[in-house]
Amino acid sequence: MLQEVDVGPRSFDDYRAIIGEAAVEEIRALADPLRGLRILQINATPYGGGVSELLRSIVPLERSLGLVVDWQIITGDDAFFSVTKAIHNGLQGASVPLTHDQRQQYLATSQTNARQLEGAYDVVVVHDPQPAALLSLHGKGETRWIWRCHIDTGSPHRDTWEFLRPFLATYDAAVFTMPDFVPKDLPIERRAIISPAIDPLSPKNMPIDDAFVSAVLGWLGLDLSVPLVTQVSRFDPWKDPLGVIAAYRLAREAVPSLQLALVGSMALDDPEGWDVYHQIESASREDPFIHVFTNLTGVGNLEVNAFQRRSAVVVQKSVREGFGLVISEALWKGTAVVAGRAGGIPLQMAGTGGFLVDTVEDCATRLVELLRDRELAQKMGDSGREHVRRHFLLPRLIADELRLLGAVMGNRPPAMRAWEHDVSVGLRDVVCGMPLHRTDESPTVEHDGVTYVFCSPSCRRRFLRNTALYADALTRH
Ligand code: UDP
């Protein structure tokens with residue numbers, strides 16, 4: 001089996017206070033016809049970067065709406081993830097032709113992962129290029145497959161695109177963040193445009209008070225009496241951290257007390273991170289007012305929350321971007337943003353939350369403007385928050401995804417539902433959906449008068465961890 005990612009239970013009802021009763025009911029109505037639908041989400045890392053951030057919230061919330069959703073990740077060594085990062089870069093337009101060996105590496109690791117793909121699902125959602133070959137190597141069966149592309153593939157490098165394109169040919173649907181990201185000769189007919197969103201109730205975005213923010217940042221060694229500018233992002237050349245340092249240096253000439261925090265995460269699937277980290281280290285070594293933090297030194301979701309709240313301005317100087325969740329995260333906290341005009345960033349700023357910039361000089365000028373004019377920064381932060389509230393909160397994303405799932409399933413009944421754990425229709429494992437032959441050794445669990453039988457101890461464990469979800473899906477029908 002592919003490696004499973006554990007997420008805690010959540011309730012969709014908690015969003016009533018944020019989006020209102022009517023919106024919650026509307027989303028429940030979209031979910032109702034899909035109850036019991038088995039969905040597998042596959043990506044390449046359980047932490048670090050926007051995709052894992054999204055899945056961590058989407059999976060438990062879709063479960064709370066009655067869908068049976070699993071999240072699994074592919075695995076691979078550094079060599080594989082160097083190839084997938086080269087593919088990622090090539091899809092975003094970098095000229096990085098793949099060698100013969102790199103292509104073989106991608107295929108071999110994809111093949112290993114495809115062999116580990118188990119279970120009977122109605123829909124498999126594959127995120128980004130890393131696991132994209134799974135479908136053609138595993139085979140489609142009765143399942144509907146969706147390719148969810150989070151990056152800007154609008155003008156991919158020809159060579160990279162021609163390598164990846166055949167693996168996409170049999171997907172039932174593709175999802176992109178913006179219309180401009182759809183490659184011209186995409187071999188998938190059904191396309192949806194769905195922009196990502198942030199979870200206002202996750203530890204990264206939930207309300208925390210000023211005293212807590214001060215305690216967290218003071219603990220990390222920041223001087224809370226002087227202005228702070230922060231960029232939060234993977235250590236990736238496209239996020240231009242060296243450009244941020246250059247802009248900060250220029251801004252500091254006008255605001256001499258300024259300090260900069262670069263908060264970066266190391267994702268499992270991004271070996272380039274360390275190179276960029278070392279470049280940042282050598283560019284900032286001499287400057288005591290530049291602070292560099294990573295998830296490996298304990299800067300997690302709550303700390304990021306504190307940085308985004310306390311910063312006088314959040315900067316995101318991306319030169320190429322997928323969506324850039326960090327923009328909505330900062331705006332939701334009422335913090336003004338200075339950001340590169342790239343990918344989904346302008347969509348989130350929409351002329352309200354701060355300034356879009358194209359150069360280091362531009363970036364420095366706008367930083368200084370907002371550092372000096374706090375009233376303007378406040379106004380921009382407030383209107384940015386309102387824009388995010390209307391367009392980029394998770395319930396809207398869940399509604400879009402439910403509509404897509406409905407469209408992809410059409411009128412066809414789901415291939416397999418959890419309730420088929422009924423001997424009259426053939427015994428199945430309620431967790432993975434596999435047909436079963438019960439023997440004396442079969443793992444079982446007694447729950448509410450029903451004997452649940454499993455194909456393996458690992459499915460039994462998953463059932464015990466999430467009994468309500470699976471038992472509910474079984475008894476609902
Ligand atoms: N992030 C984090 N810690 C870090 C750096 C980034 O938690 O040190 C999170 C950030 O808050 C955001 C996500 O990683 O939720 C990055 O998503 P985004 O869409 O901005 O960029 P991506 O990494 O997907 O290119």
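**Entry 1, a leucine.** I began with Leu 404, which I found in helix 16 (residues 394-409); helices (H or I, at least four residues) and strands (E, at least two) are DSSP runs, numbered from the N terminus. Before going on I noted that residues are numbered from 1 along each chain as its sequence is written. I also noted that this is a predicted model, in which local features need pLDDT of at least 70 and side-chain atom pairs count only at pLDDT 80 or more, while totals for chains, interfaces and linings use all residues.

Not counting residues up to four places away in sequence, I listed Ala 173, Val 175, Ala 192 and Ile 194 as touching Leu 404, contact being taken as C-beta atoms, placed from the backbone, that lie within 7 Å. From Leu 404 to Ala 312 I read 39 Å, C-alpha to C-alpha, for 92 residues in sequence.

**Entry 2, an alanine.** Leaving aside neighbours within four places in sequence, Ala 114 is in contact with Leu 134, Leu 137 and His 138. The C-alpha atoms of Ala 114 and Ala 133 are separated by 8.3 Å, and the two residues are 19 apart along the chain.

I then wrote down the division of the protein chain into domain 1 (3-197 + 394-409), domain 2 (210-391) and domain 3 (419-472), with bounds that come from an automatic or database domain assignment. Between the C-alpha centres of domain 2 and domain 3 I noted 48 Å.

The shell holds 19 residues, of which the closest are Gly 49, Gly 50, Glu 53, Ser 265 and Leu 325; a residue is near a molecule or strand if its C-beta atom, placed from the backbone, lies within 6 Å of it. Helix 3 (50-64), strand 9 (259-264) and helix 12 (325-332) are the elements that give two or more residues to this shell, and the largest share, 3 residues, comes from helix 12. By type I recorded 7 nonpolar, 8 polar and 4 charged residues in the shell, where Ala, Val, Leu, Ile, Met, Phe, Trp, Tyr, Cys and Pro count as nonpolar, Asp, Glu, Lys and Arg as charged, and the others, Gly among them, as polar.

Next I traced an open sheet of 6 strands with parallel pairing, in the order 10-9-8-11-12-13; two strands pair if DSSP finds at least two bridges between them. Strand 10 (290-294) and strand 13 (354-357) are its edge strands, each pairing on one side only.

Strand 8 and strand 9 run parallel and are joined by 5 bridges, with Val 229 opposite Leu 260. Strand 12 (residues 337-340) pairs with strand 13 in the parallel sense over 4 bridges, and there Ala 339 stands opposite Leu 356.

Helix 12 lies across strand 8, strand 11 and strand 12, at about 170° to strand 12, the axes being lines fitted to C-alpha atoms, for helices over the stretch in contact, and the angles running from 0 to 180 degrees between N-to-C directions. Helix 11 (residues 301-310) lies across strand 8 (228-232), strand 9 and strand 11 (313-316), and runs at about 135° to strand 8.

In another open sheet, 7 strands follow the order 1-3-2-4-5-6-7 with mixed pairing. Strand 1 (3-4) and strand 7 (191-193) stand at the edges with a single partner strand each, so one side of each is left without a neighbour in the sheet. Strand 4 (residues 123-127) and strand 5 (residues 144-148) run parallel, joined by 5 bridges, and I found His 127 opposite Arg 148.

Last, I looked at strand 14 (residues 444-447) and strand 15 (residues 450-453), which pair in the antiparallel sense over 4 bridges. Strand 14 and strand 15 form a hairpin with 2 residues between them, and Asp 448 in the turn has a positive phi of about 50°.
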